[in-house]
Amino acid sequence: IVGGYWCESNCNAPYDQRTFASWSPAVTFSTDRSKLYIVHADTDKLTTIDFSARQLHSTDIAEARSWLEALLDVTASKAEAKARTNGADKFALLSIDGKKLYVTGQKLSDIGDVEAQATGLQVIEVNTGRKVAGIESELAGLRSSSDEKQLFLSGLRNGVQVTDVLDAATLKRITTIEKWQVMPVRRLDGQPIILVTQRIDKQTEYGLMDPQTFKVMSTWVSSGNESVLVRR
């Protein structure tokens, strides 16, 4: 399983003339943590490590519907970098029933500054490796709500930070949250809430968002380097 970041060519040249490889596979546990699912970064393959049976199984991720061919035709977004880089990042979440993986990713090109091209959202059966659903999206950041009934796809759209909130069962968009970075968490009493942040000049504005209405209920501003401890 290929993973890591290393110099690929011109390694003795100045930094901006080197070419790097950067591969980051998606890794997530099954609900009972008896299995580990790995979505390869460099190829369309799913590897399952069964700790109970002490077995490893790899299967190719196969197309299940012809419309998934359009998943690679998405809008590219810029990433902060100067050297040339080849590779890909993958992100995965397990469905609430433990039968499917939600997978997003972005490919890195080696032309000039690094181009991050999102590959859309795919839904993959963990037992077969089949793609059973998916949508096009230029957003690669992936999170789920605390009850795992909603998916949050985050990233830049037309230079603006956005998060598309999707129904996890149907993949239909519920709403779009603009400007805020979104983190679904729980209060200390266990109730779900959404923590949002945005950078304004040299300050960070925090807010609490209602997970039902997606309206910001309260905000506060910090100019320091505070850390926020959150509970999933």
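These legends describe close-up views of one predicted model. Residues are numbered from 1 along each chain as its sequence is written, and side-chain values use heavy atoms, without hydrogens and water. In this predicted model, local features need pLDDT of at least 70 and side-chain atom pairs count only at pLDDT 80 or more, while totals for chains, interfaces and linings use all residues.

View 1. Strands are DSSP runs (E, at least two residues), numbered from the N terminus.

**View 2. Strand 15 pairs with strand 16.** Strand 15 covers residues 160-167. The two strands run in the antiparallel sense and share five bridges. Two strands pair if DSSP finds at least two bridges between them. Leu166 stands opposite Arg173 in strand 16.

**View 3. Cys7 and Cys11 form a disulfide.** Their sulfur atoms lie 2.1 Å apart. A disulfide is a pair of cysteine sulfur atoms within 2.5 Å. By this rule the count comes to one disulfide. The angle about the S-S bond is -110°, and the link of Cys7 and Cys11 is left-handed.

**View 4. Cys7 is partly exposed, and Cys11 is partly exposed too.** The relative accessible area of Cys7 is 26%. For Cys11, relative accessibility is 35%. Partly exposed lies between buried (under 20% relative accessible area) and exposed (over 50%), using a 1.4 Å probe and protein chains only.

Terms used:
Helices (H or I, at least four residues) and strands (E, at least two) are DSSP runs, numbered from the N terminus.
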